[in-house]
Amino acid sequence: MKLFDVYPINPINIVKGVGSLVYDDKGTEYLDLYGGHAVISIGHTNPHYVKRLEDQLHQIGFYSNSIEIPLQQQLAEKLGHVSGKEDYQLFLCNSGAEANENALKLASFYNGKKKVIAFSGAFHGRTSLAVAVTDNPKIVAPVNETDNVIFVPWNDEAALEQAFAHNEISSVIIEGIQGVGGIQVAPGSFLQKIRSLCDSHNAVFIADSVQCGYGRTGKFYSHDFAGVNADIYTMAKGMGNGFPIGAISISPKIKPAYGMLGTTFGGNHLACAAALAVLEVIEQDNLMQNAAEVGGYLIEELKKFKEVKEVRGRGLMIGIDLPAEFASAKKDLLFKHHIFTGEAKPNVIRLLPALNLTKAHADLFLEAFATVLKSTPVLT
């Protein structure tokens with residue numbers, strides 16, 4: 001048997017990681033400014049995280065949700081405290097797509113409506129409903145197609161109001177900062193408009209925080225910059241620092257019922273231990289403040305490069321929009337300077353490092369980035 005070939009793969013075998021550094025099987029050191037798609041939130045092999053998982057594994061790694069799992073309640077309380085949403089309810093699952101799937105389903109259970117508003121440039125996952133609200137027809141299979149999704153242009157309040165005229169809107173789902181869409185920051189006024197319209201029409205405001213949440217922007221959820229609360233927050237990626245876990249944080253106005261949602265692996269002992277370790281490190285080491293400070297420093301320094309078209313983002317979720325002649329920049333950073341970054345089409349470099357990234361590592365990137373820009377032939 002061979003692997004199903006659906007990923008473009010760099011010919012690099014990473015075998016070890018410490019903090020923001022990773023090492024391949026030849027011993028070459030790389031600076032990791034991508035964290036495996038924003039997953040590594042507290043650094044590779046963080047000692048507290050490793051001990052938390054190891055200790056739990058010596059006790060029990062898994063049992064189903066048919067029994068009491070006190071770690072789940074501990075996680076709910078810690079998450080409520082760190083996120084500032086103490087009166088919300090927690091449902092645990094395994095991934096971001098699953099979190100969004102459950103959020104959309106729960107919204108429809110809540111108000112009995114079918115229509116969902118999503119936005120141009122959106123990415124919410126690859127499962128059935130999640131991919132239906134994702135703005136990429138290439139990854140939507142015929143079986144996923146539905147008339148229940150209305151796509152509205154990004155940051156277009158008039159179009160949003162018009163979409164609500166259907167009066168069948170169950171929910172609105174929006175990333176606080178679009179990741180795959182190129183690090184597009186949702187303006188506070190737009191999120192406030194969504195809140196207002198959802199209130200008027202008994203619709204559910206779903207804040208997709210899978211990539212832009214968990215302290216990455218300097219606030220726990222990037223939507224918090226708008227000063228309004230969503231009804232459901234979805235999360236995954238940085239939640240487990242590499243251990244698969246996802247969740248939805250649910251407003252108290254939405255009441256649970258047996259059988260409404262379910263999961264086999266969600267909220268298992270190991271997953272909860274991983275998630276608790278992440279929150280403990282975020283809190284103890286003031287990582288949201290670090291993300292704001294080091295991220296702010298990076299953004300201001302990047303804005304000084306005359307070759308850069310635009311720098312977008314908040315905290316340590318940064319998009320560097322480059323002209324077409326710098327299309328090889330990401331590849332050059334990786335293979336010539338040993339720095340992992342991400343991308344968004346057509347030509348945006350994405351930085352999604354661990355939240356404890358140091359200013360010294362930020363400076364290493366800035367030096368390498370300057371070299372890459374200087375060494376790229378300018379097309380005339």
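Where is the place of Ile9 in relation to strand E1? In this predicted model, Ile9 lies in the segment that comes before strand E1, a strand that covers residues 14–18. Ile9 is exposed, because its relative accessible area is 69% and a residue counts as exposed when that value is over 50%.

The next elements to be described are strands and their pairing. Strands of a sheet pair through hydrogen bonds of the backbone, and the pairing can be either parallel or antiparallel. Strand E2, residues 21–24, and strand E3, residues 29–32, pair in the antiparallel sense over three bridges, and Leu21 stands opposite Leu31 of E3. The hairpin of E2 and E3 has four residues between its strands, and in this hairpin Gly27 takes a positive phi near 90°. E3 also pairs with strand E15, residues 339–340, but in this case the sense is parallel and the pairing runs over two bridges, with Asp32 standing opposite Phe340 in E15.

An open sheet is formed by seven strands, which follow one another in the order E4-E12-E11-E10-E7-E5-E6, and the pairing within this sheet is mixed. At its edges are strand E4 (89–93) and strand E6 (149–152), each of which pairs on one side only. From one strand to the next, the twist averages 20°. Within this order, E11 and strand E12, residues 246–250, pair in the antiparallel sense over four bridges, and Tyr233 has Ser249 in E12 as its bridge partner.

The loop between strand E10 (204–208) and strand E11 (232–235) contains Phe225. Phe225 counts as partly exposed because its relative accessibility is 34%, a value that falls between the limit of 20% for buried residues and the limit of 50% for exposed ones. When its neighbours within four places in sequence are left aside, Phe225 is in contact with Thr217, Lys219 and Arg314.

Definitions and conventions:
Residues are numbered from 1 along each chain as its sequence is written. This is a predicted model: local features need pLDDT of at least 70, side-chain atom pairs count only at pLDDT 80 or more; totals for chains, interfaces and linings use all residues. Side-chain values use heavy atoms; hydrogens and water are left out. Buried means under 20% relative accessible area, exposed over 50%, partly exposed in between (1.4 Å probe, protein chains only). Contact means heavy atoms within 4.5 Å. Two strands pair if DSSP finds at least two bridges between them. Axes are lines fitted to C-alpha atoms, for helices over the stretch in contact, and angles run from 0 to 180 degrees between N-to-C directions.
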